[in-house]
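Dear colleague,

Please find below the structure that I am handing over to you. My notes on it follow directly after.

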Amino acid sequence: MAVLAGRLARRWCFGLLRSPTQVPALGLHAGSPTMGTSQKDFNDAVSQVKLLNEDPGNEVKLELYALYKQATEGPCNVPKPGMLDFINKTKWDAWNALGSLSKEAARQKYVDLVSSLSTSSESPSPEAPAADRKPPEGNSLVVTSEDGITTIRLNRPTKKNALTTQMYHDIVAALQAASKDESTITVLTGSGDYYCSGNDLTNFTHLSAGGPEEMARSGEVLLRDFVDCLIDFPKPLVAVVNGPAVGISVTILGLFDVVYATDRATFHTPFSHLGQSPEGCSSYTFPKIMGSSKAAEMLLFGKKLTAQEACARGLVTEVFPDGTFQKEVWARLKAYSKLPPNAMRISKQIIRNQEKEKLHAVNAEESSILRERWLSDECMNAIASFLSRKAKL
Ligand SMILES: CCCC/C=C/CC(=O)SCCNC(=O)CCNC(=O)[C@H](O)C(C)(C)COP(=O)(O)OP(=O)(O)OC[C@H]1O[C@@H](n2cnc3c(N)ncnc32)[C@H](O)[C@@H]1OP(=O)(O)O
């Protein structure tokens, strides 16, 4: 666990290595001497940190952090951060690994390292052609309303539309607005090649002052509110599954009224792999939809279904060839959106109301169990493993 946690934290160092109080300045000091480094050389390197044009990578930044601490404070002299405080623990490990290296030697190594970075950083590389540039990740959720349909589109294609904490809040807000707007149908879909890769696993790295327990508690509330909002949503809710779906984006499908999928879509709930347990009311809806043994295969063993399999099990309403998916689905939805809205609302109410209470109870229980799971070693190991790029689904 500790080793994995250390590895994963290396991925997050960039953000943390920015505060001047914590961070080794990353300067460019062409021509600085490699022997007998003076305090002035060191200060110069430190003060030029902001001139760096390129990100040197987290490994280098971690090394600079450690050398800076050693050069200014001497050997590591602070208590080791807790096991789940991945980032500070990794920084502590790097500093501590320098042992009894003298301040002078650390200063020299720091300046040497900065010097070695200068050549590549001084000549900025030409901007990549537009086609090669990654799209900005600004609007992670795009909500539009047209032809009687409000569409909530997950818009982090470069992260496979993984759901950040902010996105859960934004989806709740979008659903609340859609429940009151003029539209008759509400659609959830994704941008790019994925529908959604589930919970953004880096959500677990944003520790507040309250530590992991506080993180797990706020995760429980966030999850419960998000799923409650889906349970109570009054209008026809349609999932347009434009590609693979993972985790919570799959489990909540049992709360949708209709699910259309491209034949490229897959449906994967790898909770055991992640040391987690089912959410989105799937512990109740999945056995009801597909029978308990098929549900167990997905929720316990993480069997990944093709779109056709998911359709055969009743999780998906209809599968379309990828080439015509968007055209066919939207044409159909446009036609449905012209149906009398009140009749659709009332019909949904009749279908869903009988089990609303049950669904809320299931949601509360699943969320509470997950809060404990998130604090388990099984879960932390799995997340550490993914974030250290050792594991993928
Ligand atoms: C508070 C409510 C909590 C509710 C709890 C819900 C439980 C769940 O949803 S469990 C499911 C969690 N999801 C996963 O475990 C998926 C993890 N992702 C993957 O295994 C793979 O990324 C993939 C199989 C989805 C796609 O693999 P592929 O090789 O095609 O692409 P990648 O290079 O891996 O991904 C591109 C890019 O996107 C980042 N990313 C993808 N999914 C996630 C994710 N769920 N969380 C965080 N980041 C994700 C991936 O790291 C890559 O980022 P970089 O380009 O920066 O490396």
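Asp200 is buried, at a relative accessible area of 7%, where buried means under 20% relative accessible area, exposed over 50% and partly exposed in between (1.4 Å probe, protein chains only). Asp200 belongs to the loop that lies between strand S3 (185–190) and helix H8; helices (H or I, at least four residues) and strands (E, at least two) are DSSP runs, numbered from the N terminus. The side chain of Asp200 makes a polar contact of 2.7 Å with that of Arg156. Such a contact is a pair of N or O atoms within 3.5 Å; within protein, one must be able to donate a hydrogen and the other to accept it, and residues adjacent in sequence count only if both atoms are side-chain atoms. Beyond its neighbours within four places in sequence, Asp200 is in contact (heavy atoms within 4.5 Å) with Arg156, Ala162, Leu163 and Thr164.

Please note that this is a predicted model, in which local features need pLDDT of at least 70 and side-chain atom pairs count only at pLDDT 80 or more, while totals for chains, interfaces and linings use all residues. Residues are numbered from 1 along each chain as its sequence is written, and side-chain values use heavy atoms, with hydrogens and water left out.

As to nonpolar cores, each is a set of buried Ala, Val, Leu, Ile, Met, Phe, Trp, Tyr and Cys residues joined through side-chain atoms within 4.5 Å. The largest has 60 residues, of which Phe226, Val241, Leu253, Phe256, Phe267 and Leu315 touch the most other members. Helix H8 (residues 211–232) contributes the most to this core, with nine residues. Not counting residues up to four places away in sequence, Phe226 touches Tyr168, Ile171, Val172, Ile248 and Ile252.

Phe267 also has a place in a sheet: its bridge partner in strand S8 is Leu305. Two bridges join strand S7 (residues 266–268) to S8, and these strands run antiparallel; strands pair if DSSP finds at least two bridges between them. The open sheet has three strands in the order S5-S7-S8, with mixed pairing. Strand S5 (245–246) and strand S8 (305–306) are the edge strands, each pairing on one side only.

Elsewhere, strands S1 (residues 141–146) and S2 (residues 149–154) pair in the antiparallel sense over six bridges. They form a hairpin with two residues between them, and Asp147 in the turn has a positive phi of about 55°.

Yours sincerely
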